[in-house]
Amino acid sequence: MLQVVIGSIFDTTCDLLIIPCDSFGGVTQSVFTNLKNKKLPISAVNTEYGTVNIFPAKSQIARYIGFAASVLADTSSSDVGAVEKIARHIARFAENNKLQFVNIPLLGAGAGGLRASESFEVFRKVFSESNNNITYTVHCFSRDVFESLNYENKSLPEALKNPRVFISYCGFDGDNTIWVDGLTKRLRKNGIDARIDLYDISAGTDLPSWMTSEILQAEKVILVCDKIYVERANLMKPSGVGWETMIIQADLLYANINNTKYIAIMRENNVDEGLPIFQRSKLALNWSRFKNVDDIDDKEFKKLLQAVFEVYQKPQLGPIPNWVRNPKV
C-alpha cells in the first residue's frame with residue numbers, strides 16, 4: 001500500500017526509515033540534525049549512486065535505516081532510473097524481512113532536480129507490485145507538493161485499515177502461551193495485525209530492541225494478565241514482561257490521561273492477581289472464565305474488537321418527547 005503525507009520522515013516510527021543522500025554519503029543539514037537529535041546512525045561512507053545501504057538502526061524510531069544514494073554527488077543530479085533501482089531494492093528488503101511500515105521521502109526531488117511527480121510515479125509503479133501488507137508512506141516536504149500529488153493521483157488508496165497490535169504476555173506457563181497463540185490467530189482472522197514473539201522474531205534478534213520497537217509502533221497493546229505476568233510486571237523482574245512494563249510505563253508517563261492504547265485482559269478471578277498496579281485504574285476485560293480461546297463467545301470477543309478498532313455502537317438518538325418540550329401546567 002502506498003500513502004502520502006505532509007511532513008518529515010522522522011515524524012513517525014516505522015520498520016524501515018529511508019534517508020536521502022548523495023553518492024558521497026552526504027546528507028542535508030536538516031537531515032543531519034534529525035539523525036543526530038534522534039541518535040540515529042550517520043552515514044560516513046560513500047554509497048554507490050542508485051543503491052541503498054540498509055542496516056539495523058537499534059533505535060526506537062526505526063528497526064532499520066537505509067541510506068539511499070539518489071543524487072550523483074559530482075553533478076548534483078538524479079534520474080528516475082536510479083530512483084527505481086533504489087525503490088526495488090527497498091521493496092525486496094521489506095518483503096524478505098517481513099516489514100510492515102516504510103517511511104520514505106521523494107527521492108531525487110530535492111537536490112537531485114527531479115519533479116516530485118516523477119519521483120512519486122516511480123514509487124507508485126514499484127510499490128504497487130509489492131506485498132499489500134507493507135505500507136510505504138511517502139513524506140512530502142511541503143503542502144504544495146502534497147496537494148499536487150493528490151490532485152494528480154485521485155486513485156490513491158485510503159489510509160491503513162488493519163490496526164497493528166502487540167500482545168504482551170508471560171510465556172512461563174505453556175498453557176498460557178497456547179491461549180495467547182489462539183487469541184493471536186483469532187484476532188488476525190478479524191483483520192487485526194496481531195504480533196507476538198512466536199511469529200515475529202528469529203534467532204539472533206535483539207529482544208529489548210524488538211520489544212521496544214513493537215510497543216512504540218503498535219496502535220494498541222494487549223496485556224494478557226495471569227498471576228505470573230502481574231508479579232513480574234509489578235516487581236519489574238528482569239524478564240520480557242519486566243522490560244515491556246518499563247517501556248509501557250514510560251510511554252504512559254507522557255500520554256494523555258484518557259489514553260486507550262493499552263488493553264488489559266484478566267485471566268485471574270481477582271484484581272490483585274489479575275491486573276498490574278499501573279493498569280488498575282483502567283477498565284479491563286475479565287476473561288478468567290475462558291480457559292480456552294474458543295470458549296470466548298462472539299458477544300464477549302466483540303468487546304475486544306471494538307476496543308482495538310475504536311468503533312462503538314450506540315442506540316440511535318431519538319427526538320425529545322413532546323411532553324418535555326411542551327409540559328402541561
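I call a residue buried under 20% relative accessible area, exposed over 50% and partly exposed in between, with a 1.4 Å probe and protein chains only. Residues are numbered from 1 along each chain as its sequence is written, and side-chain values use heavy atoms, with hydrogens and water left out.

**Confidence.** I looked up pLDDT, the predictor's confidence in each residue from 0 to 100. The chain has a mean of 86, and 94% of its residues reach 70 or more. Over residues 156–160 pLDDT stays under 50. Where pLDDT is low, the predicted coordinates should not be read in detail.

**Aromatic pairs.** I took rings of Phe, Tyr and Trp (its six-membered ring) as paired if their centres lie within 6.5 Å, with planes under 30 degrees apart as stacked, over 60 as edge-to-face and the rest as tilted. I found 8 aromatic pairs in the structure. Tyr64 and Phe93 are edge-to-face, because their ring centres lie 5.1 Å apart and their planes stand at 80°. Tyr64 lies in strand β4 and Phe93 in helix α2, 29 residues apart. Tyr64 counts as buried at 18% relative accessibility, and Phe93 counts as buried at 18%. Phe127 and Tyr136 have ring centres 3.8 Å apart and planes at 5°, so I recorded them as stacked. Both Phe127 and Tyr136 are buried.

**Cluster.** I noted one aromatic cluster formed by Trp179, Trp287, Phe290 and Phe301.

Terms used: Contact means heavy atoms within 4.5 Å. Helices (H or I, at least four residues) and strands (E, at least two) are DSSP runs, numbered from the N terminus.
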